[in-house]
Amino acid sequence: MLNAVLTAPEGDSFVLTGSLSLATQPWLADHAVGGTVLFPGTGFIELAIRAGDEAGCSTVQELTIAAPLVLPERGAVSLQVTVGGPDDSGACSLGVWSRPQHAEADTPWTRHATGLLTEAASGAEFELGNWPPAGSEPVQVDDLYDSLAASGLEYGPVFQGLRAAWRSGDAVYAEIEVPEEHLADADRFGLHPALLDACLHAVGLRDADEVEHSAARLPFSWDGVALHAAGAGTLRVRITPAGSDGVALAVADATGSPVASVDTLVLREVSAAQLSAAGAKAHHDDLFQPGWVALTPPQVSAPPHWAEWDTLLDDRPVPEIVVLRCPPGDDAGAVHAAVRRTLGVLQTWLADERYEGARLLVATDGAVAVEGSAVTDLAGAAVWGLVRAAQSENPGRFLLVDLPGSELTEVPALVATDEPQLAVRDGRILAARLLRVPFTEGTAPRARFDAGGTVLVTGATGTLGSLVARHLVTEYGVRRLLLTSRRGLQAPGATELVAELTAQGAHTDVVACDVTDRDALAEVFSSVPAEHPLTGVVHLAGMLDDGVITALTPERVEAVLRPKVDAVLHLRDLVVERGTDLTSFVLFSSAAGTFGTPGQGNYAAANAFLDAFATQRHAAGLPAQSLAWGLWEDEAGMAGELGDSAAQRMNRTGVEALTNEQGMALFDASGTVDAAVLVPVRLDLSPSPDTETPAMLRALVRRSARRTARGGGSAAATAALRKRLADAREEERYAILLDLVRTHAADVLGHADTSAIEPDRAFKELGFDSLSAVEFRNAVNAATGLRLPPTLVFDYPSADVLAEHIGTEFAPAGDETDQDQQIRNVLQTIPLSRLRDAGLMDALLELGGVLDRGSSHPSEDDPDGQPSIDELDAEALISMALEGQEFDDATTRGTGEL
């Protein structure tokens, strides 16, 4: 339970740290009180004894439990056991603290126990070799745990260690064993908390009346606790009165030799209110919401050169930043047109080598909701989903910004933040984040569904649709359902679903309807009887046609947009036309629109639209909530189309699958939250030292976010690789790069090692598809600092070929010297603004023959019409500076100043 010790630089104090969770210590789940899993009071003694060992103190002189430690169903709590330096008497103070493992930095710690440790050991002048003691009377314990459960003490098998008991006068003797399957764990503890806890179960056997005690009693204070022998798996214990309301314990092993002694233990009743307070959650589990955090505006010394996309000319160099303005729109046609146009620009950007060193800033106006503001641009919201996916597939190439009006003066500061998704409001720069949803104890689900009205569920005969239909009937009491799907009753399982719901008292109609067809949907609305008006809508219809950005076509985008965009707008319009008074309008969206899942650009666009639509309605005071679901465990339906590789990819990103039970629990929890958009998703938020925390998760994962070179990866790691290659012999370089390529290929394909990645076998034969190829390209780019193309596995079809190519990128062949390449590498890392600020721009242009000596402008009589400084990109400058020029040692040394 404790795995590290931190000593103070001065004095004798120290802190022991560790963590507790039901995943890593599953035996703790067997200790529950009133349905709440509690860390056992005997566990605090184990922590205190461990701390005493570190402090050189053999006795826990006193330990008082101030607050119970509730263990969450998921996640972990961090532990700290603080030990102060010895006082004048030699005693050391003790404290046991906890807080959620991934809590915010300013989250306070809860103190659960305080105490004192001393050097003097309590005497062990007892032995329990005569067993059972002569003259003692057996006590029936067969139904003990049933009685304890009735009082609220719910012990699982690990804690049900009491095997037999006897009485003799005012003493109770008991025999304790840990279950055989846990015997091996006993020697990992001083005294296994479950064993010591089972000793306490005999306390109530001192008097027959106490067995029927109606309230749960737990350890409150301990005095004079000493461990005499460690690792016992079987115990004998003698319990005798101590003081007015305490007991003393003498604990021995199977031979009767002393194991532990307790001078005084006092038990206290624990109320439901105390447990509730101890286990009160600050936030919902697995339920998040999109939000924004304000950034400190960065200082920009020299703004980058930028221009708008529509002003670019084919014969001009591309500036560092290109801005694509997206005109706002609200209707389906505008949404489709905006996504198609943006997709075309993204594909051009990725295919044209001229844009390799530049960044595309996609600007919208009113496409996102910031601090309660309404979304006014639904077309722009869909564009955000598309570009988010493009960002995931091509790190560092695209920037999303929502700007008020047509103001673009903030572009330099926005680019300098190194954030991928930003908004500007009232002069402030805000970054997109996923945030926790506050939990309010006792909040009941809002009245989303009127049991007397009709609830329409689209996409209802699929796996999730059927699950939701059942849940509406069993949990919300809905008695009239109208279910639509493309195939209606012809869909697999539809007839059985109707029979099941009918048996539960719900009238269920299943209608074949393409919800993208407005007329067909209008007929469905007309079929709703006046005596059971439509009061709720749950929109689940959707379609997948996955592909990376470069593989998408307008037709593939249209097909995925229609069931989300067109259908929900038809639903909105028909609700208005029919004067329907809805109490609920729930949209099943996808976290793909929030995170920009690679390979799902069209799906991300469609679901980002749903989220924005719900935000727009919610701001107008109308019922609407979009649930951007994460991955579901059930393999049927659309989730089943993801395949093993996609599931592995999502697991690598920390997304865990939801079971049907967990999903429906989150559906219910969303009904207690007044928010337009929620993201129900299971996330592993453990910080990883090997991967950069995605910007969207930076408010959840406590980890410093350092700027990395565009293209991914750590600049330090890339520099280390370059140095390693430079120091290696020529024959060793290829082996280093081949190992790098095979390692990343194995990671992407989900192999445990590189043995499956044969150097001369084609990547396509190894199992790469378009999405894994992009992921592989990104990983190699991150490791090398290069800008390799998305078509990497096709251009260089095997690991050995790719390794050779990377070798040439690091050390180009030809007449160029190592010194020339060193200069080229240095110059490629320097922004043009820094060259200009350092006064070196003119010198570079003079060396390239573009600028007349003594002039700060290109030669006017240059017959080739050379471009101006601001029109040149970094590669053009470097080529001019290095082509045909000799750099002496002084010039080389001067580059260090850059």
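**Aromatic pairs and one cluster**

F449, Y476, F588, W629, W632 and F667 make up one aromatic cluster. The structure is a predicted model, in which local features need pLDDT of at least 70, side-chain atom pairs count only at pLDDT 80 or more, and totals for chains, interfaces and linings use all residues. Residues are numbered from 1 along each chain as its sequence is written, and side-chain values use heavy atoms, with hydrogens and water left out.

A pair of aromatic rings is described by the distance of the centres and the angle of the planes. Rings of Phe, Tyr and Trp (its six-membered ring) pair if their centres lie within 6.5 Å; planes under 30 degrees apart count as stacked, over 60 as edge-to-face and the rest as tilted. The search of the whole structure gave 22 aromatic pairs. In one of them, W349 and Y355, the ring centres are 4.5 Å apart and the planes meet at 10°, so this pair is stacked. Buried means under 20% relative accessible area, exposed over 50%, and partly exposed in between (1.4 Å probe, protein chains only). W349 is buried at 0%. Y355 is buried at 4%.

Y476 and F667 are edge-to-face, because their ring centres are 6.1 Å apart and their planes stand at 85°. Y476 lies in helix 10 (residues 463-476) and F667 in helix 18 (residues 660-670), so the pair ties together parts that are 191 residues apart in sequence. Helices (H or I, at least four residues) are DSSP runs, numbered from the N terminus. Y476 is buried, at 16% relative accessible area. F667 is buried too, at 1%.

The charged end of R448 sits over the F667 ring, 4.6 Å from its centre. This term requires NZ of Lys or CZ of Arg within 6 Å of the ring centre and within 35 degrees of the ring normal.

Key
Helix = DSSP H or I, 4+ residues; strand = E, 2+ residues; numbered from the N terminus.
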